[in-house]
Amino acid sequence: MKSMLKFIAVAVIGAATLSACGGHYKPPEAVVVVQPEYKQTDTLVGTGTTAALGKPETIYDPADAALPENQRTILLSYMIDSQLVTVNYTGYLYDSTKADGKGAVVETSAPGESMFPEFPMQPFTLGAGKPLAGSTALIGFDQAVVGMKVGGKRTAVFPATLAYGPTAIPARTAKNNLQKTFPAVPANSPLVYDIELVAVTMLPNIRPVPPPTVLTDLVTPTVGAGKLASAGKFAQVRYTVYFYDGTRDSRIGTQIQTNVTTDTTVKPFSFEVNTPAAIAAMIAAKQTPPVIEGFNNAIFGMQVGGKRTVIIPGKMAYGALGNAGIPPNTSLVYSLELVDVLDTAPAP
């Protein structure tokens with residue numbers, strides 16, 4: 001009997017091996033994590049200031065005043081009456097077998113126990129209704145605090161899309177307590193958070209200066225003395241581009257891109273210059289010009305050695321469509337230097 005059992009075991013193993021090598025093999029299926037719906041439950045209603053969303057304000061192009069609002073060109077959108085909220089929190093892995101959904105603790109707002117090492121303080125402060133630290137992680141957290149009153153407590157269940165999404169977080173040891181460990185957070189994990197609203201701080205309302213509606217020099221240009229960038233010529237340009245920031249005196253915001261470098265092997269940006277009228281005609285005919293309208297028009301008429309820093313309004317930049325990393329109707333600031341002008345297109 002013993003030898004017979006041994007034979008059967010070998011036969012089963014052999015069959016499994018053949019199945020794995022033959023046409024009946026099925027690749028392992030991806031693990032599908034069942035996601036709970038977003039849910040928030042107040043466990044203690046506070047009596048203090050209510051955490052609320054800021055109010056949006058929009059500035060339109062004055063030239064569009066006669067048009068319906070949805071057809072006007074937006075010069076600037078910003079928020080007023082924004083708040084900072086301060087909270088204590090504890091985060092848990094979601095456990096569907098528990099009535100409250102709370103599994104193992106994965107982080108708290110205690111110093112050194114957050115999954116955000118750049119935020120080691122207690123309690124924790126963030127913008128009401130704004131993504132956490134400007135990121136796409138834990139975006140449900142900011143939503144969960146809206147409507148709470150200071151002194152209140154709330155439990156919120158986040159599906160993975162409102163938590164850390166596809167990001168997996170390894171197991172950790174608390175920075176301030178080497179005996180305290182936290183389990184890993186697998187990818188696409190729903191989470192549960194206990195949140196206590198400690199304080200609400202109103203931020204000052206800063207109404208930015210709207211950008212100009214036409215191409216505008218930000219500082220007095222430096223006039224060059226070399227060849228003229230005229231229609232049909234190929235301009236060689238060094239540039240740095242920034243977001244327009246109407247809250248700064250300089251109007252220069254975050255840098256987006258630059259080709260200014262000390263590396264002599266990096267060539268300047270080259271494009272064929274057109275007259276402003278020719279670019280306008282291309283746009284009217286729904287053709288794509290070689291460069292954005294404002295860039296072409298800023299270089300047109302410059303001489304080699306010349307420098308300009310210009311504000312390009314959104315409608316002369318990437319317009320209502322925007323571009324990668326640049327929202328629609330965004331005004332930009334370009335710092336430009338005309339390095340050379342060629343009669344023919346440069347070699348690649």
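Me: Which residues does T155 touch, not counting residues up to four places away in sequence?
Reply: This is a predicted model, in which local features need pLDDT of at least 70, side-chain atom pairs count only at pLDDT 80 or more, and totals for chains, interfaces and linings use all residues. Residues are numbered from 1 along each chain as its sequence is written, and side-chain values use heavy atoms, with hydrogens and water left out. Contact means heavy atoms within 4.5 Å. On that basis, T155 touches K39, Q40, T41, T43, K102, V192, Y193 and D194.

Me: With which side chain does the side chain of T155 make a polar contact?
Reply: A polar contact is a pair of N or O atoms within 3.5 Å; within protein, one must be able to donate a hydrogen and the other to accept it, and residues adjacent in sequence count only if both atoms are side-chain atoms. At 2.7 Å, the partner of the T155 side chain is the side chain of D194.

Me: Does I169 count as buried or exposed?
Reply: I169 is found in the loop between strand 7 and strand 8 (172-173), strands being DSSP runs (E, at least two residues) numbered from the N terminus. Buried means under 20% relative accessible area and exposed over 50%, with partly exposed in between (1.4 Å probe, protein chains only). Because its relative accessibility is 13%, I169 counts as buried.

Me: How far apart in space are I169 and A187, C-alpha to C-alpha?
Reply: In sequence, I169 and A187 are 18 residues apart. In space, their C-alpha to C-alpha separation is 7.5 Å.

Notes
Helices (H or I, at least four residues) and strands (E, at least two) are DSSP runs, numbered from the N terminus.
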